[in-house]
Amino acid sequence: GTLPADADAQTVADLAFGHDAANSLGLPDAKLTAQLRRAAARFGPRDFLRFDPAAEPPPSDVPEDCRFDHTANERGATSCRRCGRPLRMRTRQDVWYDALIMAYTGERAGVRLGASYAEVFRWLPSLRPYRAPRAADDAEFYDTAYALTHVVYTLNDYGQTSLSPRWLPREFEFLRANLREAVRLRDADMLGEFVDSLRAFGLDERDAEIREGVEYLLANQNADGSWGDREAEDVYLRYHPTWGGVAALSRYRFARGRSPRFNRVKNLPGV
C-alpha cells in the first residue's frame with residue numbers, strides 16, 4: 001500500500017488499524033509500516049487521542065461530534081464551530097478506552113499512535129471507583145462497562161489468553177455484578193461483551209451469571225440469528241451486537257500462561 005503524502009492523523013490511524021488486520025491475516029507490508037511510522041511521527045498525542053497520557057489523566061472537556069452536522073470540534077469547545085449549537089461532552093471513560101484501543105492497535109501494527117499502551121493503561125485507576133447505573137441512559141455507566149471489557153480484550157488479545165480475577169479484582173467484580181443490569185436493560189451488545197469478558201476471567205456455565213447471560217442471548221436472537229436492531233441506521237449497531245453474541249456463546253481454549261501484555265502493566269502504580 002501507499003500512504004497519501006497529506007494524510008491527516010485520522011487517516012494514519014485508520015490505515016494502521018487496517019494494517020494490523022492485514023498483519024493478522026498473514027499479509028505484512030514492511031513498506032507501509034515504515035510509511036505509517038514516518039507519518040505518525042508528524043502528529044502528537046492529542047491528534048490521535050485527544051489528550052496526552054504521558055502528562056495528564058483522561059479529561060472531561062472533549063466534546064462529542066456535533067449531533068446535527070457531525071462536525072468535530074476542538075477540545076474544550078462548548079458550541080459547534082459550524083452551526084453554533086451546544087455540544088455534549090464525552091465521558092472520561094469514553095475518552096480513555098478509545099485511547100486504549102488506539103494505542104493497543106498501534107503497537108500491534110508497529111506504529112506509535114500518540115502514546116504507548118502502558119502510558120494509557122496507567123490511568124485505569126483514575127476511573128475508579130466504579131458504580132452501578134443511576135438511570136437507563138447513564139452515559140458514565142455505559143462507558144465504564146465498555147472501558148472494562150476493552151481492558152480485558154486488549155490484555156488478552158481478544159480471546160487468546162485467560163486472565164485471573166486476582167489481577168484486576170475491581171474490574172472483575174464490576175463486570176460480574178452488572179451482568180444482570182445488561183439483561184435488565186435488554187442490551188445484547190453490552191451483555192455479549194460482559195459474558196465474553198467473564199469467560200476470560202475463568203467463569204463458565206457453572207456460574208449463575210454466565211448461565212443467565214447465555215439464556216437471555218439464546219432467547220432473544222433475531223429470526224436471522226443475529227442480535228441487535230436490524231433496522232438501525234448506524235451499521236455498527238447492526239453488526240456489533242451479533243459479534244458480541246457469538247463471542248459470548250463461544251467456548252475458548254485459551255493459550256497457556258499469563259497474558260504477556262499484563263506482564264508489562266502489572267507493576268504500574270495502582271494497577
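This is a predicted model: local features need pLDDT of at least 70, side-chain atom pairs count only at pLDDT 80 or more; totals for chains, interfaces and linings use all residues.
The buried residues of α9 are a separate set: E209, I210, G213, V214, Y216 and L217. Looking down the helix axis, those buried residues fall within an arc of 160 degrees, so they line one face of α9. As for what lies over them, the cover includes α7 (169-184), α8 (188-200) and α10.

α9 runs over residues 208-219, and at 1.5 Å a residue its 12 residues should span 16 Å; the end C-alpha atoms sit 16 Å apart, which agrees.

E205 is placed in the loop between α8 and α9. With a relative accessible area of 25%, E205 is partly exposed, because the buried class stops at under 20%. Leaving aside residues up to four places away in sequence, E205 touches R199, I210, R211, V214 and R251.

For a sense of distance across the model, take E205 and P58: they are 147 residues apart in sequence, and their C-alpha atoms are 36 Å apart in space.

V235, Y236, L237 and Y239 together make a nonpolar surface patch of about 390 Å². One of them, Y236, is in helix α10 (residues 236-249). Y236 counts as partly exposed, at 36% relative accessibility. Helix α10 has come up already, as part of the cover over the buried residues of α9.

## Salt bridges

A search of the whole structure turns up 21 salt bridges. In one of them, the side chains of R90 and D98 meet with N to O at 3.1 Å.

Another pair is D157 and R108, whose side chains meet at 3.9 Å, N to O. This bridge links distant parts of the chain, 49 residues apart: D157 is in the loop between α6 (139-155) and α7, and R108 is in helix α4 (residues 92-109). D157 is partly exposed at 23% relative accessible area, and R108 also counts as partly exposed, at 33%. Both belong to a network of salt bridges that links D20, E107, R108, D157, R261 and R264.

Then there's R131, which forms a salt bridge with E140; their closest N and O atoms are 3.5 Å apart. E140 is partly exposed, with a relative accessible area of 32%.

Most residues other than glycine have a negative phi, and most peptide bonds are trans. A few spots here are worth a look with that in mind. R128 and P129 are joined by a cis peptide bond, with omega about 0 degrees. P129 is found in the loop between α5 (117-121) and α6.

Positive phi values show up at R50, near 75 degrees, and at H70, near 65 degrees. R50 lies in the loop between α3 (45-49) and α4, and the place of H70 is likewise in the loop between α3 and α4. At 21% relative accessibility R50 counts as partly exposed, whereas H70 is exposed, with a relative accessible area of 62%.

Methods. Residues are numbered from 1 along each chain as its sequence is written. Side-chain values use heavy atoms; hydrogens and water are left out. Patches are made of residues with over 30% relative accessible area and no salt bridge: like charges are joined within 9 Å, nonpolar side chains (Val, Leu, Ile, Met, Phe, Trp, Tyr) within 5 Å. Accessible areas come from the Shrake-Rupley method with a 1.4 Å probe; for residues, only the protein chains shown count as cover. A salt bridge is a side-chain nitrogen of Lys or Arg within 4 Å of a carboxyl oxygen of Asp or Glu. Helices (H or I, at least four residues) and strands (E, at least two) are DSSP runs, numbered from the N terminus. Buried means under 20% relative accessible area, exposed over 50%, partly exposed in between (1.4 Å probe, protein chains only). The expected span of a helix is 1.5 Å times one less than its number of residues. The arc is that of the directions from the helix axis to the C-beta atoms. Contact means heavy atoms within 4.5 Å.
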